[in-house]
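User: Hi! I would like to learn how to read a sheet in a protein model. Could you guide me through one?

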Amino acid sequence: MTKTTPEQNKALVLKAFDTLFNKRDYEAAAGFWSDEYVQHSAHIEPGREGLFDLIRSSPDNLRYEHQLIVAEGDHVIVHGRFTGTGRPVAWIAADVVRIEYGRLAEHWDVLQDEATEPESKSGRPMFGERFPA
């Protein structure tokens with residue numbers, strides 16, 4: 001088995017997310033996600049096709065942006081924002097991905113509606129330096 005570095009794994013996850021969520025290039029995205037992909041999210045049907053079908057059914061203006069990414073061994077955690085989901089507010093996500101053989105093999109997530117400034121008890125935005133408009 002070829003070992004990848006945490007830096008290589010972070011780059012792989014960011015490229016995979018951009019390819020699927022922002023570019024919607026399903027053919028290219030299939031090269032990033034394992035055929036045996038395991039999905040732990042309560043919002044997504046099993047396997048790679050469950051994820052791809054969710055994105056296919058999402059609004060055309062769906063966008064993903066990341067703010068922070070960390071990796072240790074074969075696991076990567078990305079703090080990001082999904083906008084244009086068709087929901088009233090953006091989703092802030094912590095996505096955990098396990099890499100195997102250079103592909104995304106397993107996924108968990110934690111999702112939360114993005115708070116506005118009046119909703120934020122801390123007075124700080126959940127993503128970036130400013131609250132959403």
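Analyst: Gladly! Two strands pair if DSSP finds at least two bridges between them. Helices (H or I, at least four residues) and strands (E, at least two) are DSSP runs, numbered from the N terminus. This is a predicted model, where local features need pLDDT of at least 70, side-chain atom pairs count only at pLDDT 80 or more, and totals for chains, interfaces and linings use all residues. Residues are numbered from 1 along each chain as its sequence is written, and side-chain values use heavy atoms, leaving out hydrogens and water.

User: Which residue is the bridge partner of Asp 95 in strand 5?

Analyst: Strands of a sheet pair through backbone hydrogen bonds, either parallel or antiparallel. Here, Asp 95 has Asp 109 of strand 5 as its bridge partner. Strand 4 (residues 91-100) and strand 5 run antiparallel, joined by 10 bridges.

User: In what order do the strands form the open sheet?

Analyst: The order of the 5 strands is 1-5-4-3-2, with mixed pairing. Strand 1 and strand 2 (63-72) are at the edges with a single partner strand each, so one side of each has no neighbour in the sheet.

User: Is Arg 63 buried, partly exposed or exposed?

Analyst: Buried means under 20% relative accessible area, exposed over 50%, and partly exposed in between (1.4 Å probe, protein chains only). Arg 63, at 38%, is partly exposed, and its place is in strand 2.

User: What does Arg 63 touch?

Analyst: Contact means heavy atoms within 4.5 Å. Leaving aside residues up to four places away in sequence, Arg 63 touches Phe 21, Asn 22, Arg 81, Phe 82 and Thr 83.
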